[in-house]
Amino acid sequence: MSTAPHTVKRRFMFSAAHRLPQVDEDHKCHYVHGHNYTVDVEISTVSLDERNFVLDFKDLEFFEEFLRNEFDHKLLVWEKDEKLVQVAFQNTDIFKVKVIPVTPTCEELAELFALYVTSVISTMLSKDFKVRVTVWESDKSCASYETKLT
Ligand SMILES: [Zn+2]
């Protein structure tokens with residue numbers, strides 16, 4: 001798919017805590033802190049469906065539910081961050097823990113979300129489509145990941 005002129009975008013939000021164990025101790029993100037995340041999901045197609053939609057916005061409600069159930073108000077822990085895994089699971093009375101297979105950077109969260117959205121959307125859309133997920137951790141900073149299914 002070279003061009004996909006039609007795009008819909010829907011915005012989602014969740015709050016979570018994390019840390020980035022892969023950065024040095026003099027980097028503030030080494031330590032547990034939180035963000036009010038904004039997640040923009042864009043779906044693009046070459047042509048519209050019989051309703052003249054890329055897809056119905058309500059078809060993206062699954063992602064709202066996914067974020068609310070799996071990520072909102074959780075401590076996001078990279079599965080290889082042994083220290084935080086240990087602390088989190090020893091204190092489940094104060095942490096709602098979400099273990100993820102990637103480090104919780106905007107870049108890797110965008111990839112994780114884009115792959116998930118793509119897998120669900122692929123059951124709805126038979127035509128060529130593109131998914132772009134942008135994860136904002138502040139008003140100024142974001143990262144995007146794009147998948148294409150042709
Ligand atoms: Zn952060």
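Author: What follows is a short chat about this structure, from the overall layout down to single residues.

Author: This is a predicted model, in which local features need pLDDT of at least 70 and side-chain atom pairs count only at pLDDT 80 or more, while totals for chains, interfaces and linings use all residues. Residues are numbered from 1 along each chain as its sequence is written.

Reader: Fine. How many helices and strands are there in the protein?

Author: The protein has 3 helices and 6 strands. Helices (H or I, at least four residues) and strands (E, at least two) are DSSP runs, numbered from the N terminus.

Reader: And what pattern does the protein follow along the sequence?

Author: It reads β-β-α-β-α-β-α-β-β. The C-alpha atoms fill a box of roughly 50 × 30 × 25 Å along the principal axes.

Reader: What percentage of the residues count as buried?

Author: 26% of the 150 residues do. Buried is 20 or more other C-beta atoms within 10 Å of the residue's own, exposed is 12 or fewer, and partly exposed is in between, with C-beta atoms placed from the backbone.

Reader: What about contacts between residues at least 6 apart in sequence?

Author: Of those, 60% join residues at least 24 apart. A contact here is two C-beta atoms, placed from the backbone, within 7 Å.

Reader: Strands next. How do β5 and β6 run, parallel or antiparallel?

Author: Antiparallel, with 8 bridges joining β5 (residues 129-136) to β6 (residues 142-149). Two strands pair if DSSP finds at least two bridges between them. Val131 has Thr147 as its bridge partner in β6, and a hairpin of 5 residues joins β5 to β6.

Reader: And β3 with β4, parallel or antiparallel?

Author: β3 and β4 (residues 97-100) run parallel, joined by 4 bridges. Trp78 has Ile100 as its bridge partner in β4. The chain gets from β3 to β4 through α2, and this β-α-β crossover is right-handed. Right-handed means that, with the strands pointing away from the viewer, the path from the first strand over the helix to the second runs clockwise.

Reader: Now α3. What is its length in residues, and how far does it reach?

Author: Helix α3 covers residues 106-121, which is 16 residues, and reaches 22 Å from its first C-alpha to its last, close to the 22 Å expected at 1.5 Å a residue. The expected span is 1.5 Å times one less than the number of residues.

Reader: Which α3 residues are buried?

Author: Cys106, Leu109, Ala110, Phe113, Ala114, Val117, Thr118 and Ile121 are buried. Seen down the axis of α3, the buried residues fall within an arc of 160°, so they line one face of the helix. The arc is that of the directions from the helix axis to the C-beta atoms.

Reader: What covers them?

Author: The cover includes β2, α1 (61-70), β5 and β6.

Reader: Which residues touch the most other members of the largest nonpolar core?

Author: Ala110, Phe113, Val133 and Val135 do, in a core of 27 residues. The elements giving two or more residues to this core are β1, β2, β3 (74-78), α2 (82-90), α3 and β5. The largest share, 7 residues, comes from α3. A nonpolar core is a set of buried Ala, Val, Leu, Ile, Met, Phe, Trp, Tyr and Cys residues joined through C-beta atoms within 7 Å.

Reader: What does Val133 touch?

Author: Leaving out residues up to four places away in sequence, Val133 touches Val39, Val41, Ala110, Phe113, Ala114, Val117, Ser144 and Tyr145.

Reader: Change of topic: where is His30?

Author: His30 sits in the loop between β1 (6-18) and β2 (33-45). His30 is partly exposed, because 14 other C-beta atoms lie within 10 Å. Arg19 is 11 residues from His30 in sequence and 5.5 Å away in space, C-alpha to C-alpha.

Reader: Where is Asn52, and why does it count as exposed?

Author: Asn52 is in the loop between β2 and α1. Asn52 counts as exposed because it has 8 C-beta neighbours inside 10 Å. Its phi is near 65°, a positive value in a residue other than glycine.

Reader: And what is the phi of His73?

Author: About 55°, positive although His73 is not a glycine. His73 is in the loop between α1 and β3, and it counts as exposed with 12 C-beta neighbours inside 10 Å.
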